[in-house]
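Thank you all for coming. Please look at the sequence and the structure on the screen while I go through a few places in turn.

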Amino acid sequence: MTAGQTSGEVLASAAAAAGAAPSIHNTQPWRWVAHPDRLELYAERSRQLSATDPEGRMLTISCGAALHHARIALAAQGWQATVSRLPDRADPDLLARISLGERNGISPEAARLHHAADIRVTDRRPVTRERVPPETLSRLTRVAEDEGVHLQPLREGQVDDLAVAVNQAAEVHAGDLAVQAELRRWTGGQRAEGTGVPDESIPEQPPRTNVAGRTFAHPGSLPIGGDNDRTATYAILHGDTDDPAGWLRAGEALSAIWLTATVFGVGLLPISEAVEMPASRQTLRRTLSFLGWPYLAMRLGIPDYGHAEPPHTPRLPADRTVQVAPAPAGQS
Ligand SMILES: Cc1cc2nc3c(=O)[nH]c(=O)nc-3n(C[C@H](O)[C@H](O)[C@H](O)COP(=O)(O)O)c2cc1C
């Protein structure tokens with residue numbers, strides 16, 4: 001963004017930058033409308049995983065991640081922004097509306113997070129033996145709180161509960177033809193351009209991990225070392241409500257945690273399968289002692305920087321996800 005842009009251009013540019021956000025199976029299930037004075041974020045139902053994610057939990061979390069990316073893109077240029085979430089009861093697909101405020105100094109923190117958005121990737125390889133420093137973990141839990149949700153790192157027995165819940169969900173998904181068809185459509189092999197998880201991001205064989213990674217449509221081509229995840233930290237992102245408002249906040253928190261983790265050299269792998277299934281979601285609720293609704297599990301760890309990282313996944317061109325609304329008559 002440069003000086004001399006209209007506010008509509010500033011907003012459209014933030015929406016385009018939000019395209020780098022992570023999303024379930026890289027579906028990018030969002031649509032932005034940039035008006036001269038506001039930016040609106042809509043759920044794009046044509047890219048919802050209707051079998052895997054019928055209620056739109058993962059879709060809404062993904063859109064929340066894009067919302068946070070847009071907020072950071074504006075903050076990195078010094079713009080203040082006001083966000084109203086789910087502003088129209090009559091239109092539940094309108095997830096958020098962003099209005100521009102004053103332009104102030106650029107905060108170094110926002111600049112760092114904006115840069116992290118360019119380099120962040122999902123790395124499914126086992127993490128190294130180095131542990132995530134406790135002070136970094138505390139920082140990440142504070143970041144979650146700032147976004148209105150909670151990040152609970154799991155103790156050993158709780159990691160076993162998560163592993164059981166993930167296996168339970170994976171078994172049901174393996175036998176569900178519609179879920180398998182979605183996996184084939186969005187992951188590995190040939191897919192529509194600009195979306196989905198390419199073979200190069202999928203491990204060539206199942207990594208040795210405490211909690212099983214997602215089984216994609218077929219093995220990929222990402223080389224993995226022989227390490228296991230004994231030193232990884234597993235955690236659950238959770239909150240007070242199991243509804244779109246909670247899921248949207250969870251997505252914003254996921255993005256904030258992931259970008260902060262990237263700044264600190266920590267990798268994050270989302271683990272959503274156990275939340276997608278009602279029975280395994282209930283198992284996670286028990287793990288949380290019924291103190292909150294689970295939104296997403298994750299693995300945090302130090303990636304293997306000694307070997308090449310997985311490549312960046314493709315994205316849709318901005319003109320497929322960002323629509324620029326014309327200025328009202330009489331304004332230009
Ligand atoms: C809500 C959500 C759930 C996800 N769940 C999983 C998962 O269960 N397993 C996995 O390997 N990746 C998961 N991912 C990571 C996505 O596959 C990844 O973000 C997407 O392919 C884009 O790649 P990138 O993160 O490298 O940009 C999830 C991401 C989001 C936002």
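Which residues does Thr 260 touch, not counting residues up to four places away in sequence? They are Leu 113, Arg 139, Leu 140 and Val 143, where contact means heavy atoms within 4.5 Å. Before I go on, this is a predicted model, in which local features need pLDDT of at least 70 and side-chain atom pairs count only at pLDDT 80 or more, while totals for chains, interfaces and linings use all residues. Residues are numbered from 1 along each chain as its sequence is written, and side-chain values use heavy atoms, with hydrogens and water left out.

Thr 260 sits in helix H7, residues 244-263, helices being DSSP runs (H or I) of at least four residues and strands (E) of at least two, numbered from the N terminus. With a relative accessible area of 3%, Thr 260 is buried, a word that stands for under 20%, with exposed over 50% and partly exposed in between, for a 1.4 Å probe and protein chains only.

Leu 113, one of the residues that Thr 260 touches, also belongs to the H3 side of the contact between H2 and H3, together with Ala 110, His 114 and Ala 117. From H2, the contact is made by His 69, Ile 72, Ala 73 and Ala 75.

Finally, in the loop between helix H1 (7-17) and strand E1 (30-34) we find His 25, which has a positive phi of about 50° although it is not a glycine. Asn 26, in the loop between H1 and E1, has a positive phi of about 55° and is not a glycine either. His 25 is buried at a relative accessible area of 6%, and Asn 26 counts as buried at 6% relative accessibility.
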